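Please read them with the structure open.

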Amino acid sequence: MYRTTLKTVSQKALVYSLALTLAACPIAGSSHVLAAPAVPTVSSSSETAQVHAPVQYRINARLDEKKMRITGSESVTYRNLSKDTQQEIVFHTFADANRSTATQTSMFERNNEEIRKENPQKKAEDFLGGIDIRSAAVNGQSAEFTNSNQALTVQLKQGLKPGESVTVQIAFDVKIPYGMQRLSYYKDIVNGAHWFPAASVYDESKHQWDKTPYSKTFETDYYDISDFEVHLNVPESYQILMPGTITSQEVPEEPGRKIVSSTADHTRELVFFASPNYKVESVTRDGLTVEYYYFDNMPDKKKLVDEYIDAAFEAIRFFNDKYGKYPYPEFRIAESYVEGVAVEFSRVIQMGQIAENSDPAHNDVFVHEIAHQWFHGLIGNNSEKESFLDEGFADFSKVYFAEKRGDVLGGFQSIQIDDLSSIDKPIASTNAEAGDEENPVFYGKGRQAIYQLYRMVGEEKFDAFMREYFKRYEYKNATIDGLLQTIQDTLGTEARKEMDSALHDPNFTLQPEYRLSEAEEAAY
């Protein structure tokens, strides 16, 4: 994720800040019922992929574009990979973050204030929403449940032993808030993140489910890899963007509507974007299709879109070589009206409006979000507790890419010149501990720690370490402890000690020998 409203920490940190700125249930209430399809087999190209992901979703839903509501049902098969016997299954209901402004994320407040001024007819409650759970069942039998503080807990009548699977059926209704949020509608677009109950991650060491509500200030995206089969009933005029293989069919009994379906195996999360005015540019090269969903609202925009697609292919090729192959057949970009924030999802990124003066070949925010496909989408992590693992590596990766393509301004010197000595919070901070300094802590200091490791061991050994890290944690959730163990196994004990110190020392600064000299600073 990228936000352009950053806090500067010194005159030298201004350079950093400016760089970032550039930088299977029928659907109740529906006249159309879908038969629950068979669970698909996994089509992932990774040799490490299992036949099925630990969590499998089959979702049927209907978008009411007039009332801006979603009526849906899901069948979720969960396999207990822990050594504990489970007495309940927990789902995140992050849509409930929109119940109140007290729980909605603050990063869109500025945008929503402007929208309120432009739309005085909209009431305060129009900017709120949430999810109501109509029913829950376990293996077809009605089950007791509670939905509180963005966590849906479904009780199991019989304990789920290690290695066993259970199928939970949930029926739900969602009110989509107006304005700008991860789940929202504005003008002619629906942003569809967090729109269904998503299985939580079970912490075997603590013997508990993650019930953390969504962060007010940053991100709380922490999921097990899953298989998705989604069927979304929408107006016929809508273009729908989702991860996976997308197909569409008419609904004979509902003229003017269609069902858009997606199969997305071994995928971290499932989002959608919908608009009647999306145009789509699609390019396929070497077995990968990159698609850009955009609004044709200015002259020669298609030319810019084509250049962004070229830039996406270039970045993906680089990360394929350095880290490990992007395993999916498609990658999609959604243009939206969200300004100042770019957001990553699995196999999809959300960007703001393309400006007339855009420079796709040097848009480091765009590259940062693409890098998140490796550090979030493929290698997951608890982004509430260890945000460095995705944001730090994504930000280093965009600089690594810039360096190797000869971009002096965006390359390694942009790391070497950063003076973040006034920031006294460790890189390994939680979101709560980082507070409003998540950008210099996770991004700025984070990428410096990775760069320092890169310089210590050299590019060849660093790349070998990164490929091993990817191999170990592809389709899994990494931790800082796991990262440090990988460093020790591939680069040695001394490298681990240095990285451990860098991540946990609140006063970490880049070692002097890796910074720019005064002459180099002046030239930069």
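1. The lining of the second largest cavity is made up of five nonpolar residues, seven polar and one charged. In this count Ala, Val, Leu, Ile, Met, Phe, Trp, Tyr, Cys and Pro are nonpolar, Asp, Glu, Lys and Arg are charged, and the others, Gly among them, are polar. The space in the second largest cavity comes to about 110 Å³. It is lined by 13 residues, with Phe-94, Ala-97, Asn-98, His-194 and Tyr-214 closest to its centre.

2. On provenance, this is a predicted model, in which local features need pLDDT of at least 70 and side-chain atom pairs count only at pLDDT 80 or more, while totals for chains, interfaces and linings use all residues. Residues are numbered from 1 along each chain as its sequence is written, and side-chain values use heavy atoms, with hydrogens and water left out.

3. The largest cavity has a volume of about 160 Å³. A cavity here is a set of points, on a 1 Å grid over the protein atoms alone, where a 1.4 Å probe fits but cannot get out; lining residues have an atom within 4 Å of a point. Grid points are joined across faces, edges and corners, and a volume is the space filled by probe spheres set on the points. There are 17 lining residues in the largest cavity, and Phe-196, Ala-198, Tyr-223, Glu-269 and Leu-270 lie nearest its centre. At least two lining residues come from each of β2 (55-64), β12 (198-199) and β15 (226-235). The lining of the largest cavity counts 11 nonpolar, three polar and three charged residues.

4. The largest pocket holds about 1100 Å³ of space. A pocket is an open set of points with protein on both sides within 12 Å along at least five of seven lines. Its lining has 37 residues, and those nearest the centre are Val-201, Tyr-202, Tyr-222, Asp-224 and Asn-477. By class the lining of the largest pocket has 13 nonpolar, 11 polar and 13 charged residues. Each of β3 (69-79), β13 (202-203), β14 (208-209), α9 (459-473) and β26 (476-477) gives the lining at least two residues. Helices (H or I, at least four residues) and strands (E, at least two) are DSSP runs, numbered from the N terminus.

5. Helix α9 also packs against other helices. The axes of α9 and α10 come within 10 Å and cross at roughly 130°, which makes α9 oblique to α10. Axes are lines fitted to C-alpha atoms, for helices over the stretch in contact, and angles run from 0 to 180 degrees between N-to-C directions. Angles under 35 degrees count as roughly parallel, over 145 as roughly antiparallel, 65 to 115 as roughly perpendicular and the rest as oblique. The crossing of α9 and α10 is right-handed.

6. Helix α10 (residues 480-491) packs on helix α11 (residues 493-504) at an angle of about 155°, the axes being 7 Å apart. The two are therefore roughly antiparallel.

7. An open sheet of eight strands runs in the order β6-β5-β9-β3-β2-β15-β18-β17, with mixed pairing. The edges are β6 (141-142) and β17 (245-250), each with a single partner strand, so one side of each has no neighbour in the sheet. Two strands pair if DSSP finds at least two bridges between them. Strand β18 (residues 257-267) pairs with β17 in the antiparallel sense over six bridges. Lys-258 in β18 is the bridge partner of Glu-250.

Note on methods:
A crossing is left-handed if the near helix is turned anticlockwise from the far one by less than a right angle, and right-handed if clockwise.
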